[in-house]
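Please look over the sequence and the model below, then read on.

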Amino acid sequence: MNLHPHVLVSADGTVRQAAELGRLDVPENRADPASRRIEVAFARLRGGDGPPMIFLEGGPGESGTRIWERAPERYEPYREFGDVVLLDQRGLGLSRPRLTSPHRLDLPLDRLVGREEHLAAVLDLAERTARFWRERGVEPAAYTTAESADDVAEVMTALGYDRFRTFGGSYGSHLSLAVLRRHGHRVERAVMFGVEGPGDTYKLPSDTDRHLAGVAALAAARGVTPDLIGLMRRVFARLPVSFDGVVIGEFDVKMITAANLGSRRFIRRLPELYLAAERGDHTFWAEQTRALRTAESANLMAIAMDCASGASAERWERIRKEAPDSVLGDAMNLPFPLVCPAIGAGDAGEDFRAPLRSEVPALLLCGSLDGRTPPANALAVLDGLPNGHFILVRHATHEFLPALPGVREAVAEFLTGGRPTLREVTIPFEFGDEPSANL
C-alpha cells in the first residue's frame with residue numbers, strides 16, 4: 001500500500017483538509033489466480049477514538065474524494081466518532097484505471113429520435129467504450145459489487161482496522177449490504193439511506209407509478225394541479241413537437257422524467273414543467289433533450305456494476321408485465337438490460353441477489369418521495385436485520401438524508417451505540433423552483 005500526507009481542497013477553494021491519500025493494489029478478478037492488479041484509491045481523515053467509518057458513495061459511479069470536494073461539510077460531523085475513509089471505488093476517481101469513455105452520443109436534434117434509434121446509439125457507444133478499455137487490458141466482467149465489497153475489506157485491513165463501520169446511500173447502500181454479506185463479522189455498525197436491496201437494482205414500474213401517485217396526491221392537496229398523472233399523459237399524447245430547434249418526442253420526455261426522479265429540485269418542479277408543456281412552453285424539455293442526445297457515455301464501471309447486480313428472472317418478468325401500462329413505461333431501467341451483452345458484463349448470481357440475514361446493527365433511512373429507492377426496499381431489507389432500525393422521512397426525496405433535521409440527531413444516537421427512538425419525521429416540502437441545487 002502507498003499512503004502519504006495529502007491536503008483535500010474543496011471545489012471552490014474555501015476548505016482545506018489535512019488527510020492521507022492511499023492507493024492499494026488489488027486483483028481485478030479474484031476468481032482468476034492470474035488476474036492483473038489494479039489500484040483502488042482512498043483518503044483517510046483522522047478522527048475520534050471510535051471504530052472507523054468508510055463512506056461508500058452512490059451511482060454507481062460516484063467517487064468519494066470527488067464528492068468531498070463538492071460537499072466537504074457532509075463528512076465533518078462523523079469524524080467525532082472515529083476516522084473517516086473516503087473510497088474511490090474501482091474504476092472511479094483517483095483509482096486506476098479510471099474507466100471513463102472517450103465517446104459521446106451525437107444524435108440529431110432537428111427530427112424525432114425514437115426508442116429504437118436512441119437505444120441502438122447508446123448500445124453502440126457502450127460497446128465501443130468497452131472495446132476501448134478491453135484493448136487496454138480491462139476485464140469488464142470483473143467490475144462487480146461483490147469484487148468492490150472485497151476491495152472495501154482489503155482497504156480497511158491495509159489501514160490496520162479489524163472492525164469498521166459502513167456509511168452508504170443509494171448504490172452505496174447496495175455495496176454496504178454486499179460488505180455485510182461477505183465481511184459482516186468485521187462490520188460494527190452500518191448506516192444506509194435511499195436503500196437499494198441486493199435484488200433491487202432494476203426498478204419496478206409499479207414502484208415508479210406509486211411514487212408519481214404520491215407526488216400527484218400532494219400536488220392536488222396543495223392546489224397545484226388536480227390530476228398530475230392525467231396531465232402527464234395529455235402531454236405525452238401531444239408529442240412530438242418542435243421547439244427551439246429541437247424535435248421533442250414522448251420517449252425523450254419519459255426518459256428525462258425517469259432520470260430526474262431522484263432530484264428534489266425536479267420533483268418540486270414536476271407539475272410546473274408539465275403544465276408549461278401543456279401550454280406550449282417546452283423550454284426545459286428542449287434543453288434536456290439536447291443533453292440526452294449528446295450525452296457522454298457512462299463510466300464503464302457504472303454500467304458493469306449494475307449489469308452484474310442484475311435482477312432475478314421473476315423480477316424481470318414482473319418488470320416486463322408492468323411496463324406497458326406504467327406511466328413511464330420501461331424508462332426507469334433503460335438501457336438495461338440491453339446494454340449488458342454489449343459490454344460483456346458479468347453476473348453476480350442469485351446468491352448475491354438473495355435476501356440478506358445479518359445481526360449487525362443497521363440504521364436504514366428512506367424518503368417518502370424517493371423516486372429511485374422507495375421505502376418498500378428498506379422495509380424488505382429490514383426483515384433480515386433483527387438489529388436494524390428504520391426511519392421514514394416524509395417529503396424527503398433521494399437525497400442526503402443523514403443531514404436533515406431530526407435525522408441527524410438519530411444518526412448520532414445510533415453511532416454512539418444507542419437505538420434511535422425516532423421512527424418518522426416530516427420535513428417541509430413546497431412545489432416550485434428553488435435557488436439551490438438538489439442536496
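## Helix α3

How many of the 14 residues of α3 are buried? In this predicted model, 11 of the 14 are buried, so α3 is largely enclosed by the rest of the structure. The buried residues are T145, A146, E147, S148, A149, D150, D151, V152, A153, V155 and M156.

The length of α3 agrees with expectation, because its 14 residues should span 20 Å at 1.5 Å a residue and its end C-alpha atoms are 20 Å apart. Just after α3 comes G160, with a positive phi of about 90°.

## D150 within α3

D150 is located in helix α3. D150 counts as buried because its relative accessibility is 12%, and the cut-off for buried is under 20%. Leaving aside residues up to four places away in sequence, D150 touches R30, R182 and H183.

A separation can also be given for D150 and G61. The two are 89 residues apart in sequence, and their C-alpha atoms are 17 Å apart in space.

## Helix α4

Helix α4 covers residues 171-183, which makes 13 residues. From its first C-alpha to its last, α4 reaches 18 Å, close to the 18 Å expected at 1.5 Å a residue.

Is α4 mostly covered or mostly uncovered? It is mostly covered, with 11 of its 13 residues buried. These buried residues of α4 are Y171, G172, S173, H174, L175, S176, L177, A178, V179, L180 and H183.

## How α3 and α4 meet

Two packed helices are described by the angle between their axes and by the distance between those axes. For α3 (residues 145-158) and α4, the axes come within 9 Å and cross at roughly 70°. The two helices are therefore roughly perpendicular to each other, since angles of 65 to 115 degrees count as roughly perpendicular. The crossing is right-handed.

On the α3 side, the contact is made by T145, A146, S148, A149, D150, V152 and A153. On the α4 side, Y171, H174, L175, A178, V179, R182 and H183 take part. By class, the contact has 8 nonpolar, 4 polar and 2 charged residues.

## Residues with positive phi

Most residues other than glycine have a negative phi, and most peptide bonds are trans. S170 is not a glycine, yet its phi is positive, near 60°. S170 sits in the loop between β6 (164-169) and α4. Is S170 buried or exposed? S170 counts as buried because its relative accessibility is 16%.

H395 is not a glycine either, and its phi is positive at about 75°. The loop between β11 (388-394) and α15 (407-415) holds H395. With 18% relative accessibility, H395 therefore counts as buried.

## Cis peptide bonds

Which residues does a cis peptide bond with omega of about -5° join? They are G59 and P60. P60 is placed in the loop between β4 (53-56) and α1 (64-70).

A cis peptide bond also joins R96 and P97, where omega is about 0°. P97 is part of the loop between β5 (84-88) and α2 (115-134).

Definitions and conventions
Residues numbered from 1 in each chain as written. Predicted model: local features only at pLDDT ≥ 70, side-chain atom pairs only at ≥ 80, totals over all residues. Heavy atoms only, no water. Helix = DSSP H or I, 4+ residues; strand = E, 2+ residues; numbered from the N terminus. Expected span 1.5 Å × (residues − 1). Buried < 20%, exposed > 50% of the residue type's maximum accessible area, 1.4 Å probe, protein only. Axes fitted to C-alpha atoms, helices over the stretch in contact; angles between N-to-C directions. Parallel < 35°, antiparallel > 145°, perpendicular 65-115°, else oblique. Left-handed = near helix turned anticlockwise from the far one by under 90°. Contact = heavy atoms within 4.5 Å. Nonpolar A, V, L, I, M, F, W, Y, C, P; charged D, E, K, R; others polar.
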